[in-house]
Amino acid sequence: MKDWACLIGRRRGVCDARGGVTRAQRAQEARAARVPSAPERRMRAGERPSRASQTALRHCWAALALVFLGVAGCAHVQPYQREYLADRIMDPAAARRELASERKMLSTREGAAGGALGAGGGCACN
Amino acid sequence: MKRMVVAGGLAGVVLAGAVLAAEQQVTASMHTFTDSEDNRVETWAVELLQGLRERWNLSLRGALDRVLLPPLPGLPGSPENVDAITTASRPVASTTLSKEEYAKLRQEMVAGLKWSQPHGSRIGGSLYYSHEPDFIGRQVSGSLAHDFHQGNTNLAFGVAHGFDSIRPEPEEGVAGPQHQRQTEDLTCVWTQTVSPRTLTQLGFETTWVHGFQSNPYRQVYAGGQRLPERHPDRRLRQALFAQIDRYLFTRSSVSLRARYYDDDWGVHAGTFDAHLNQYVGEHLIVRYRYRYHLQTAAYFYRDLYTDPEGVDGYRTADYKLDDFDSHLFGVKLSVPFEGLAVRPWMSGLVLDLKYERYFDSKSFAANVLETGFTWPF
């Protein structure tokens, strides 16, 4: 595709031999022109996104804690009734063993993973 | 080689201890990770749980990672290069080094001690140490848990302090500056038995990280220049998670987990994880798994920086700080040797085989294969 700025020599370093703009430059310009995401818009407007979400987090925490308090008050499972809870497919210890290696893998791919026991190591880029 | 011998010796000591004493459990696993960029990580891990005197338990874990990374496809610092994968980074700032295969070893050791009181309290502590050529990780942690309501309610608290050293590998004979990073972690977990078949869990975790948090090798295109990545040196991370486990009537169980994450870099994330465990025949267990993760970008993340100073003085090329979503599908087989044991010592032995497929909206995909066994005796 011909680009007039290339043809008159106003754009240096991004034009191909036929007077068009290179594919890499077009991709770069498209990225720069894209509509910013919601967190970016909030940030540009000067809003600290974490404050609102921290409040939401506290509300979630309080609501779930209340639900748990209600549940804790009415649950009376006797030791002899725990046959199913003791079954191998309900064993939380097995899941914990897997968690260490999984956290290590996910913390190098996702910005919200890791941060807990055994999460050290890797590339100093977590 | 020397380190491999040390790690092998540690595994040997652990296994020898397991053979000589009673009330023990040994877990060993071999984990292989490969991804769409041909990165490969092999992990061997051994864990020993040892009952000591009455009410005391010791746990020891040793792991060895072998990381093999192919030459990078693009120029160092270019966006198409994925330069960090499980447990590994590599010196990519140098063009010469980025065009060579890269291999490194990483060792990890964890020792823990737990004391159980007769009234349902447990107090524990552990030490963590990991070593690789450019990174040393250390962590000290403590935990306290107590049972209430005849064991129907359990409250657990954990604290941890980590102090890591980052020592970038020399590039063309010039060593980069060393850095430090510290981490404080607080975890609270509430576990509640709701019915003879249902267990729930609610937890909160907060982590305060201060110190160097960039990748010392990664570079960012900003204002037409290639500059070192620069992240803020403080980060407050919080997560709230809930889980429900239910035993079903069909000799199966389902586990649903949800997690909400938030930090002061502007990353918000939600994760949903579902497991279905099913007995097949008398003893064989098949587990199916699906996990979905969605996150927003950090406030200073940009695909393109027009100003060399980035945003508020920060710039990053870290794909983890962009907005994306990911999926994980998995299947796991647990084969207990009950009824199949041809020798008495095989009784209680469980063999595990696991395969997982991970992929995200940034065109990254990975295969995770794990084999291992658990041997209580």
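Student: How many bridges join β9(B) to strand β12 of chain B, and in which sense do the two run?

Tutor: This is a predicted model. In it, β9(B) and strand β12 (residues 234–248) of chain B run antiparallel and are joined by 13 bridges. Within this pairing, Q201(B) stands opposite Q243(B) in β12(B).

Student: With which strand does β8 of chain B pair?

Tutor: In general, side chains in a regular strand alternate between the two faces of the sheet. Here, strand β8 (residues 179–195) of chain B pairs with strand β9 (residues 198–211) of chain B, antiparallel, over 14 bridges.

Student: Which residues touch the most other members of the largest nonpolar core?

Tutor: Nonpolar side chains tend to be buried together in soluble globular proteins. In this model the largest nonpolar core has 25 residues, and V267(B) and A298(B) touch the most other members. Among the elements that each supply at least two residues to this core are α5 (92–106) of chain A and β3 (56–69) of chain B. Beyond four places in sequence, V267(B) touches residues including G111(A), A112(A) and L321(B). A second, separate core of 5 residues includes I89(A), M90(A), L199(B) and Y247(B).

Student: Which element of chain B has the lowest mean pLDDT?

Tutor: That element is helix α1 (residues 2–20) of chain B, at 50, whereas strand β15 (residues 284–295) of chain B has the highest, at 95. For chain B the mean pLDDT is 84. Over residues 82–87 of chain B, pLDDT stays under 50. For the complex, the predictor gives an ipTM of 0.79 and a pTM of 0.79.

Key: Residues are numbered from 1 along each chain as its sequence is written. Chains are lettered from A and ligands numbered from 1 in the order in which they are written. This is a predicted model: local features need pLDDT of at least 70, side-chain atom pairs count only at pLDDT 80 or more; totals for chains, interfaces and linings use all residues. pLDDT is the predictor's confidence in each residue, from 0 to 100. Helices (H or I, at least four residues) and strands (E, at least two) are DSSP runs, numbered from the N terminus. Two residues are in contact if their C-beta atoms, placed from the backbone, lie within 7 Å. Two strands pair if DSSP finds at least two bridges between them. A nonpolar core is a set of buried Ala, Val, Leu, Ile, Met, Phe, Trp, Tyr and Cys residues joined through C-beta atoms within 7 Å. A residue is buried if 20 or more other C-beta atoms lie within 10 Å of its own, exposed if 12 or fewer, and partly exposed in between; C-beta atoms are placed from the backbone.
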